[in-house]
Amino acid sequence: MSEPLLESKKPPPEAAEEASAELEEILCDTTLSWWLRFRKAIGIELKYLFRLAGPAIIVYVLNNVISMSTQIFCGHLGNLELAASSLGNNGIQLLAYGLMLGMGSAVETLCGQAYGAHKYEMLGVYMQRSTVLLMATGLPLMIVYLFSKQLLLLLGESERVASAAALFVYGLIPQIFAYAANFPIQKFLQAQSIVNPSAYISVGTLVLHIFLTWLALFVFGWGLLGAALVLSVSWWIIVVAQFVYIVTSERCKATWSGFSWMAFTGLWDFFKLSAASAVMLCLETWYFQVLVLIAGLLPDPEIALDSLAVW
């Protein structure tokens with residue numbers, strides 16, 4: 001009866017805790033001058049900052065390069081294909097990207113708080129809860145994708161470009177739900193200072209994506225739809241690989257205890273927090289989306305959109 005109801009799970013010490021102890025030791029060393037202590041402290045902070053931020057930067061850069069490489073391949077098919085992929089990627093897809101990234105960022109705050117409070121099992125619950133909410137958000141976004149041609153025509157885009165862009169956007173529908181799973185997973189890992197695996201996965205996926213896109217376009221001749229489907233598949237590869245790491249890694253043993261019904265509770269409160277987070281980040285990504293849509297209204301939309309794709 002004296003045993004605790006819940007076993008305390010303690011993950012191995014992280015780099016941030018080691019840095020904190022090292023910093024405290026240096027700052028409390030009165031045998032050193034204040035200038036020398038300051039220099040050493042700055043060096044330690046920068047070392048651990050780059051250790052954590054470097055791989056995270058690589059992840060975001062390579063994820064953008066994956067989409068960029070698809071546009072580059074489409075550009076080899078012709079001006080219309082490049083314009084369509086530019087309008088689809090930057091005019092329509094950014095809607096989902098900004099919304100999903102913004103709403104998924106709420107997990108970063110909650111997971112960070114839970115990890116700091118040593119409530120490690122809640123990290124997995126927050127990740128699942130965010131995934132459920134983002135998957136539900138993906139349903140109305142899917143409807144927007146399905147009617148993208150009508151929406152683009154309503155906004156004044158040319159029939160030729162709107163039709164080609166809509167074909168590309170149809171292939172990006174699975175990518176919506178990859179976003180819904182990817183962003184909570186990334187924030188879940190980053191809250192534990194686990195960043196290197198995501199970077200390795202992004203590098204491997206980029207290489208595979210380039211090969212698969214080449215096959216789809218120049219061997220099988222699947223055109224815009226094939227290019228977009230390969231892009232969606234590549235994002236799902238990232239999601240699956242990261243989830244496999246979470247399930248199998250010892251570093252996530254304390255924070256991932258399996259699927260839980262708690263993921264379906266407190267969704268309204270979680271939605272309010274996610275919506276507030278989404279507003280801040282969406283405004284940063286949607287301004288470029290508006291620029292792309294306006295470029296499609298110019299007298300020669302194909303050339304204008306091609307220019308934005310190169311830029």
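Trp261 is exposed, with a relative accessible area of 73%, where exposed means over 50%, buried under 20% and partly exposed in between, computed with a 1.4 Å probe on protein chains only. This is a predicted model, in which local features need pLDDT of at least 70 and side-chain atom pairs count only at pLDDT 80 or more, while totals for chains, interfaces and linings use all residues. Residues are numbered from 1 along each chain as its sequence is written, and side-chain values use heavy atoms, leaving out hydrogens and water.

**Aromatic rings**
- The whole structure holds 13 aromatic pairs, counted when ring centres of Phe, Tyr or Trp (its six-membered ring) lie within 6.5 Å, with planes under 30 degrees apart called stacked, over 60 edge-to-face and the rest tilted.
- Among them is the tilted pair of Trp261 and Phe264, at 5.7 Å centre to centre and 45 degrees between the planes.
- One aromatic cluster is made up of Tyr97, Tyr179, Phe183 and Trp235.

**Asn89**
- Asn89 lies in helix H3 (residues 79–104), a helix being a DSSP run of H or I with at least four residues, numbered from the N terminus.
- Asn89 counts as buried because its relative accessibility is 1%.
- Beyond neighbours within four places in sequence, Asn89 is in contact with Ser67, Gln71, Leu94, Phe168, Leu172 and Leu231, contact meaning heavy atoms within 4.5 Å.

**Confidence**
- The protein has a mean pLDDT of 84, with 90% of its residues at 70 or more; pLDDT is the predictor's confidence in each residue, from 0 to 100.
- Confidence is lowest in helix H1 (residues 15–27), at a mean of 63, and highest in helix H10 (residues 223–248), at 96.

Key:
Helices (H or I, at least four residues) and strands (E, at least two) are DSSP runs, numbered from the N terminus.
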